[in-house]
Amino acid sequence: MNTPVRTQVIPTPQANEDIKGLAPGDKNAVGDFVRRLRADRSNRALRLTSLRDAGRNGRLFLARVDSRGTALLLETDENRFSLLAVRVGDTARDELARITVEINEISGGVELVDQSVVSREVVALPPREGAGNTGDAVPSPAYGTAHPAPRSLPVPLFARHDDTELLRLGVSASLLPALRRITDRAQLETLLGHNLPALTRDVLLALSDGMEPADVRVHITEAWRADDKVDPHDWAKAARRPVSRVSTEDAAVLGALGDGFEAWRLFLHPEQHRLATTSFKGSAKVTGGPGTGKTVVALHRVRHLVERLPPGHTKPVLLTTYNTNLAKDLQDRLYRLGGDKLVRRVEVKSIDRLAREVVQETHPGSPLPPPLSDEQALSLWHTVCAEAKVYAFDAEFLDWEFRHVILAQGCGTDHMYLRAGRKGRGVLQRPQRRQVWELVQRYRAHLDQQYRTTHALIADEAARAEGRRMARVNAQTRYKAEHGGLDLIHREAGSGMWLKPRYRHVVVDEAQDLSASHWRMLRAMVTPDRDDIFLVGDAHQRIYAHQVVLGRLGISTPGRASRRLTLNYRTTREILGSAQGLMSGERFDDLDDGRDTLDGYRSVLTGLSPQYWRAPDWQTEMRAIAVLLRERHDRYGTPYAAMAIGVPSRDAARQLAVTLADERYGIHACEIGRDTPARVDAVRIGTLHGFKGLEFQRVFLAGVSEGLIPHQRLETYRHEQVERYRQEEQQSRSLLFVAATRARDELVITWNGKASRFLPEHAMRSAGHATELLVDDGPPSGSAAAWPDRQSGSHGPAECSSEAS
């Protein structure tokens, strides 16, 4: 009796795209096929049939998935297959037999081009009248020699790029003849909608958008380039490159591939894979716009670090972010990535919870004072100023100065504060600083009397506590080195603990929103060493005022240790272009002392252009939003839970919820908040701050009016506090940018009165009038107050989770 032959089956990214487009039953059939092939390749039911040799150490096979489906496989080593493609239907075998399989000379990955699709969608298409610029010269594809183009024929879309240039940028060689037949953007998008190799797709979209070849090479080609020399005939090596396979060979994941696992768990862009697996001499930093996969990189980085730990039961890897909701999401996604085996070696906590636990360790047996909310903190500053009869500073200024100058720079005395740098904060003379210092002492005295604290004070105390702990660790290390380990056991036993750094590795998500105190604490939690701190973030998404220079806090990320991601995986090109317009003219840091831009930031997804609607007043705007929501739900079948509305304030959220709940519309709404009750099909409503870290199919941004976004109070700083005005205006831009880029398929922006200065000119020109939507819509039975009057009461949206989106 023959023993079944165990076989490796590694799906490729293009195969995953095929599977994603299948019906649920066909997906499950693929998963079952993978399991059966892994168990025994000699299983006759698989009908494994040799198709042709691909070249050195590579052979193509066809196999039977089930009665409907067929798979294309590449065998490169004995009993090691790459699953290349899946087709369903009567012509499946013929379609797969015509597929061209090649090795890309830039990425070194295995690529497929379905020639039947190319023939059907491009080659067979007649030239379109009026397509292209018919008066230009057309370079010859092979040699780049220009010849006058007949005026009666359209110019190919890629006419100015010869074959050599396209190949050097990464375009698949087998597609070049077809590309010469494409004359307009519609034809290109039809072709790109048929699962072409990802590098080819990225390059062609960038060139068609007008990006220069030199920029395409920098932003796209180099990110895909293989780390070693590519042999276009070495199939075994090509199949093992990260770009050709899943990022894990875990049997549980691969065995259930057909069940519809999310792509982020299985596949990484080549640049993402490098960042997740490269060993750095010290700290490393990854920046990138919204939707570029920074969090995915962080999660895979954690898995990579854990896989290289020695066996044990401790948690030497910390994964942290700036709030509790995001920390919970990271914990869930980490479990989905690697299960209990991964999670049990990782501490996943929000930065404030971590700081609070550190401080609690220094006060065993006594509970810590509860922290004030932001509103309570500002109220206390008002009280302090009134008691001291000092009205030269407003509460917001004092709170900012306390957190971002005094605490951030560790100013423990008035003399330290008098010498503290305040770059970008304007001039504050010594008498004014002494006055501020006196107010700070009164503020802290009030906190002590009320037995309260703030998150900023907890972070500051945690940073100092960790600094003292690390000093003891270093002293013990020096003692051990000087005495050769003698008497060390007695010293450690006497201290009541075996002193060592709290963590071996620290990974930080949403790094732009951590304060200087947070960074001092993290720096003291891990010894400066190889792969000590790995952080991801984007200053364009900074929604708090925590601007720090990491290099000054002992976290250095020079040269290759600082990388950018530029490919957006979530938002369509149309939405992304509009969102980038919101940031026009602004300058942003790179989470250090350099500058960051959105240059090269792009998306390969296409969809609807953003919609803009203007209204004469807030009540009309709210009713128009209700009509638009009903249309998306009733006509297009979008669940309410997949739609979200961002507004400038909680009052606006309450008023809008009342309007939506009117019997004319009957739309249930819930507020994006910390509580997560059972999922309900309700529209999510929240302030722009609440949108951070979320995503929805359709996003509506309401109340984007001048005086609301940005708030009119900014005008009081325009002349006397110029730098403060600039910083707060930029923060408002970032909030709007973050909210806009939460949309996957559609973005709708509405306003009443005068539009926000942040909106581009074309938005005002193309905006529809909200009253057009209300032609058949009578007044709602429950009248919500006109903006910006405030409402009180219990008719606001209920708190609920955004997970259903």
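The model is predicted, and local features need pLDDT of at least 70, side-chain atom pairs count only at pLDDT 80 or more, and totals for chains, interfaces and linings use all residues. Residues are numbered from 1 along each chain as its sequence is written, and side-chain values use heavy atoms, with hydrogens and water left out.

**Overall make-up**

- The protein has 28 helices and 27 strands; helices (H or I, at least four residues) and strands (E, at least two) are DSSP runs, numbered from the N terminus.
- Of the 805 residues in the protein, 54% are buried, where buried means under 20% relative accessible area, exposed over 50%, and partly exposed in between (1.4 Å probe, protein chains only).
- Among contacts between residues at least 6 apart in sequence, 74% join residues at least 24 apart; contact means heavy atoms within 4.5 Å.

- Five strands form an open sheet in the order 1-5-4-3-2, with mixed pairing; two strands pair if DSSP finds at least two bridges between them.
- The edges are strand 1 (8-11) and strand 2 (49-55), each with a single partner strand, so one side of each has no neighbour in the sheet.
- On average, neighbouring strands of this sheet are turned by 30° against each other, direction ignored.
- Strand 1 and strand 5 (residues 80-88) run parallel and are joined by four bridges, with Q8 opposite R80 in strand 5.
- Helix 1 (residues 13-20) packs on this sheet, touching strand 1 and strand 5, and its direction makes about 30° with that of strand 5. For these values, axes are lines fitted to C-alpha atoms, for helices over the stretch in contact, and angles run from 0 to 180 degrees between N-to-C directions.
- Helix 2 (residues 24-39) lies across strand 1, strand 3 (58-64), strand 4 (69-77) and strand 5, at about 155° to strand 5.

- A second open sheet, of six strands, has the order 12-11-13-14-10-15 and parallel pairing.
- Strand 12 (346-350) and strand 15 (562-565) are its edges; each has a single partner strand, so one side of each is left without a neighbour in the sheet.
- From one strand to the next, the twist averages 15°.
- Strand 10 (residues 284-288) pairs with strand 14 (residues 533-537) in the parallel sense over four bridges, and V286 stands opposite V536 in strand 14.
- Helix 14 (residues 294-307) packs on this sheet and touches strand 10, strand 11 (317-321), strand 12, strand 13 (505-508), strand 14 and strand 15; its direction makes about 165° with that of strand 14.

**Helix pairs**

- Helix 14 and helix 15 (residues 324-343) have axes that come within 10 Å and cross at roughly 25°. Helix 14 is therefore roughly parallel to helix 15; angles under 35 degrees count as roughly parallel, over 145 as roughly antiparallel, 65 to 115 as roughly perpendicular and the rest as oblique.
- The crossing of helix 14 past helix 15 is right-handed. A crossing is left-handed if the near helix is turned anticlockwise from the far one by less than a right angle, and right-handed if clockwise.
- T295, V296, L299, H300, V302, R303 and V306 of helix 14 make this contact with L330, R333, L334, L337 and L342 of helix 15.
- By class, the contact of helix 14 with helix 15 has eight nonpolar, two polar and two charged residues. Ala, Val, Leu, Ile, Met, Phe, Trp, Tyr, Cys and Pro count as nonpolar, Asp, Glu, Lys and Arg as charged, and the others, Gly among them, as polar.
- Helix 16 (residues 351-362) packs against helix 23 (residues 516-525) at about 65°, with the axes 11 Å apart, and the two are therefore roughly perpendicular.
- Helix 16 passes helix 23 in a left-handed crossing, in which I351, D352, L354, A355 and V358 meet H518, M521, L522 and M525.

**Strand 24**

- All six residues of strand 24 (residues 696-701) are buried.
- V699 is the bridge partner of A644, and I749 is that of L701.

**Tyr322**

- Y322 is in the loop between strand 11 and helix 15 and counts as buried at 8% relative accessibility.
- The C-alpha atoms of Y322 and V508 are 8.8 Å apart, although 186 residues separate the two along the chain.
- Beyond its neighbours within four places in sequence, Y322 contacts I351, D352, D509, E510, D513, L514, I543, Y544 and K692.
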